[in-house]
Amino acid sequence: MVTISEVPQQQDAPTKRPTDPAVAYQMVLDAVLKSTGDDETFAQLKMSLEAMHKSPPFKSVSAQLNRDVDAEAVRRMLFCPTPEDMGTYARLLVGASCLLYTSPSPRDS
């Protein structure tokens, strides 16, 4: 079993939220690397994050929010969210939890 530990905040950590999604994405990768503790787990997480960064799920997000959201906006929400995005997160979490009960489970087959 792999344990992911919390990364203690560094004293010299930036106090401002990055406004560039590429910089924020790199910060997320760096934090994941520090928190995983082993190369195999980091490689798997990095692959998932890279896939999400390269192809954000803008169609799913648009469907849940009932409005068009482009890939760049979803990328920003995932890796460089603004305070205004917090309400969006709540709607997306509710939508994701609803999918658990409405999507057919492989065990139902």
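**Figure 1. Val69 sits in the loop between helix H3 (58-65) and H4.** This is a predicted model, in which local features need pLDDT of at least 70 and side-chain atom pairs count only at pLDDT 80 or more, while totals for chains, interfaces and linings use all residues. Residues are numbered from 1 along each chain as its sequence is written, and side-chain values use heavy atoms, with hydrogens and water left out. Helices (H or I, at least four residues) and strands (E, at least two) are DSSP runs, numbered from the N terminus. Is Val69 buried or exposed? With 7% relative accessibility, Val69 counts as buried; the word buried stands for under 20% relative accessible area, exposed for over 50%, and partly exposed for what lies in between (1.4 Å probe, protein chains only). Leaving aside neighbours within four places in sequence, Val69 is in contact (heavy atoms within 4.5 Å) with Phe58, Val61, Ser62, Val74 and Met77. Look for Lys59 too: Val69 and Lys59 are 10 residues apart in sequence, and their C-alpha atoms are 7.6 Å apart in space.

**Figure 2. Asn66 belongs to the loop between H3 and H4.** Asn66 is exposed, at 66% relative accessible area. Its backbone is worth a look: phi of Asn66 is near 60 degrees, a positive value in a residue other than glycine.

**Figure 3. Tyr25 and Phe79 form an edge-to-face pair.** How many aromatic pairs does a search of the whole structure find? The search finds 1 aromatic pair. The ring centres of Tyr25 and Phe79 are 5.2 Å apart and the planes stand at 85 degrees, so the pair is edge-to-face. Here is the rule: rings of Phe, Tyr and Trp (its six-membered ring) pair if their centres lie within 6.5 Å, and planes under 30 degrees apart count as stacked, over 60 as edge-to-face and the rest as tilted. Because Tyr25 lies in helix H1 (residues 21-36) and Phe79 in helix H4 (residues 71-79), the pair ties together parts that are 54 residues apart in sequence. Both Tyr25 and Phe79 are buried.

**Figure 4. H1 and H4 pack with their axes 9 Å apart, at an angle of about 40 degrees.** That makes H1 oblique to H4: angles under 35 degrees count as roughly parallel, over 145 as roughly antiparallel, 65 to 115 as roughly perpendicular and the rest as oblique. Axes are lines fitted to C-alpha atoms, for helices over the stretch in contact, and angles run from 0 to 180 degrees between N-to-C directions. On the H1 side, the contact is made by Pro21, Ala24, Tyr25 and Val28, and on the H4 side by Glu72, Arg76 and Phe79. By class, this contact of H1 with H4 has 5 nonpolar, no polar and 2 charged residues. Ala, Val, Leu, Ile, Met, Phe, Trp, Tyr, Cys and Pro count as nonpolar, Asp, Glu, Lys and Arg as charged, and the others, Gly among them, as polar.

**Figure 5. Helix H2 (residues 39-54) and H4 have axes that come within 9 Å and cross at roughly 145 degrees.** H2 contributes Leu49, Met52, His53 and Lys54 to the contact, and H4 contributes Arg75, Leu78 and Phe79. Now find His53, which lies in helix H2 and is buried, with a relative accessible area of 18%. Apart from neighbours within four places in sequence, His53 is in contact with Pro21, Tyr25, Arg75 and Phe79.
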